[in-house]
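Here are some exercises for you to work through with the viewer open. Try each task yourself before reading its solution.

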Amino acid sequence: MSVYRDDLTAARERIRALEQELQSIQRREATTLQNPAHDLVQTGSSHTSTAIALVGVLITGFVALRVPTIAPVAVVAVLLGFVVLALRGRSIVVRPNEVAVVRPRGAEASALPPVWVGPGRVVRLRRGADVESLSLRAVPVSWTAHDVTTADGRLDIDLFAVVAVRRDEEGIERAVRTFGVEPIAPITQAALEDALRHCVQTTASSDLRGHDAGLRDQLRRRGRESLEEFGVKLVSIGTLDVRAHHATEAEA
Amino acid sequence: MIIVIEVLLLALAIFSVLALLYRVRCPPDHALVLTDRSSEGSLRAGPPAYRVLADRSVFRLPSVGSVDVLDLSPARFDAFVPLLDDRGERRGEVHAVAQVRVSRRTVHLRRAAVRVMGMPRRDLDAIGEGSLAVAVRDALGGRSAEHVEQDREEVASDVRAALGTVLDELGMEIVDVQVRLKKRDV
């Protein structure tokens, strides 16, 4: 009998250690998660320049062959064309699912403020400018709210939410002011957890375990309201698991 | 006569160059997202200038800034949700399977171009599985194991409605939802 009890204790300790390891990995991932800025903003394609150059060479060659006297003029015109194309600088394509910030570099950096470019735009870039972006894609957030106080006890609640920056101009502006080019997940997660703690403080633990519909609606409404200030839309939120609070070593 | 042939050959050469450079093929089960060039780039410059085309190849005109692709093939998500009794004891498990995809309706394609395009597979899986699990948990609210077994179609319908609301925001639609109950004998 004691053998089984020892095995059970060892298994529980192992599970606890694995849970702590998983939490530390999740924390590390949350802090290091960055927007893949360079994957989003696309530098303007060189196709247009290539096509113009090729067509120019073809037409010039044809004209020069037919009228030899203008050949030197045509050659100079083509060379000039190449020089203009080379000096024209690059442009960036801001896809529909992002907003980009263009920051001047070097001496201009202190004089000129960064410029935010809206989604679905193409803008010309000054030489040497830096570009980063804030993604408008939907982001999944899942985490455990520890030690949540209810009317009759303390619980650990696993939550899941889908959030995304609002698509309207006002929402995008608010998000840009709040997050800049940082990930939106950590702040939205904190806001949603705050909403959850407020909603459940007068609720019995049994109601949470029994999937109380009124509480769900309250949590969704409150979560939406608090994220509204950041320019973030709450697509979905819900609890995945509700269990009795397990004190961590630090608490003990 | 020679000049006419030369002009025709030149026109053919120019057309071939343009066709080679500007023809964009749309892979099967994909949509093209074309971001147009615009002179105004500020945040308050009106709605984004982009077009979406499903299953169609296009010529990339100089007015188009970039071309991206959006995957329209179905994705499958699984969710396992414990079924608890009134005392919080585990009485079984509900296994839900959902097949979803980006809808081909223009309004949904435009939405998906913002919310889903270029999303890492890990994020898409997390959204699909998490949203399905929340939808199942909501649908099970107040139902006992016996009721879930009896009203399986009704539970699946509730899951479909709850999941559909989330997916609609992302420009996606449900292809199929299946709900299975694994009861634990006590």
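**Exercise 1. A sheet in chain B**

Which residue in β5(B) is the bridge partner of Leu32(B)?

Before the solution, a word on conventions: this is a predicted model, where local features need pLDDT of at least 70, side-chain atom pairs count only at pLDDT 80 or more, and totals for chains, interfaces and linings use all residues. Residues are numbered from 1 along each chain as its sequence is written, chains are lettered from A and ligands numbered from 1 in the order in which they are written, and side-chain values use heavy atoms, with hydrogens and water left out.

*Solution.* 
- Step one: the partner of Leu32(B) is Val69(B).
- Step two: look at the two strands, where β2(B) and β5(B) run antiparallel and are joined by 7 bridges. Strands (E, at least two residues) and helices (H or I, at least four residues) are DSSP runs, numbered from the N terminus, and two strands pair if DSSP finds at least two bridges between them.
- Step three: widen the view to the open sheet of 3 strands, with the order β3-β2-β5 in chain B and antiparallel pairing. Its edge strands, each pairing on one side only, are β3 (50-54) and β5 (64-71) of chain B.
- Step four: from one strand to the next, the twist averages 20°.

**Exercise 2. Aromatic rings**

Find the aromatic pair and classify its geometry.

*Solution.* 
- Step one: searching the whole structure gives 1 aromatic pair over all chains. Rings of Phe, Tyr and Trp (its six-membered ring) pair if their centres lie within 6.5 Å; planes under 30 degrees apart count as stacked, over 60 as edge-to-face and the rest as tilted.
- Step two: the ring centres of Phe179(A) and Phe230(A) are 6.4 Å apart and the planes stand at 65°, so this pair is edge-to-face.
- Phe179(A) belongs to helix α6 (residues 169-179) of chain A, while Phe230(A) is in the loop between α9 (213-228) and β9 (232-244), 51 residues apart.
- Step four: Phe179(A) has a relative accessible area of 4% and is buried (buried is under 20%, exposed over 50%, partly exposed in between, with a 1.4 Å probe and protein chains only).

**Exercise 3. Charges over rings**

Which rings in chain B have Arg23(B) and Arg110(B) over them?

*Solution.* 
- Step one: apply the criterion, NZ of Lys or CZ of Arg within 6 Å of the ring centre and within 35 degrees of the ring normal.
- Step two: Arg23(B) has its charged end over the ring of Phe59(B), 5.6 Å from the centre.
- Step three: Arg110(B) lies over the face of Tyr50(B), with 4.1 Å to the ring centre.

**Exercise 4. Salt bridges**

*Solution.* 
- Step two: Arg104(B) meets Asp29(B) at 2.7 Å, N to O. Arg104(B) is in the loop between β7 (90-102) and α2 (106-115) and Asp29(B) in the loop between β1 (23-24) and β2 (30-36), so the bridge ties together parts 75 residues apart in sequence.
- Step three: Arg104(B) is partly exposed at 37%, and Asp29(B) is partly exposed at 33%.
- Step four: Arg111(B) bridges to Asp168(B), with 3.3 Å between the closest N and O atoms. Because Arg111(B) lies in helix α2 and Asp168(B) in helix α5 (residues 152-169) of chain B, this pair ties together parts 57 residues apart.
- Step five: Arg111(B) is buried at 17% relative accessibility, whereas Asp168(B), at 32%, is partly exposed.

How values were computed:
Salt bridge = Lys/Arg side-chain N within 4 Å of Asp/Glu carboxyl O. Axes fitted to C-alpha atoms, helices over the stretch in contact; angles between N-to-C directions.
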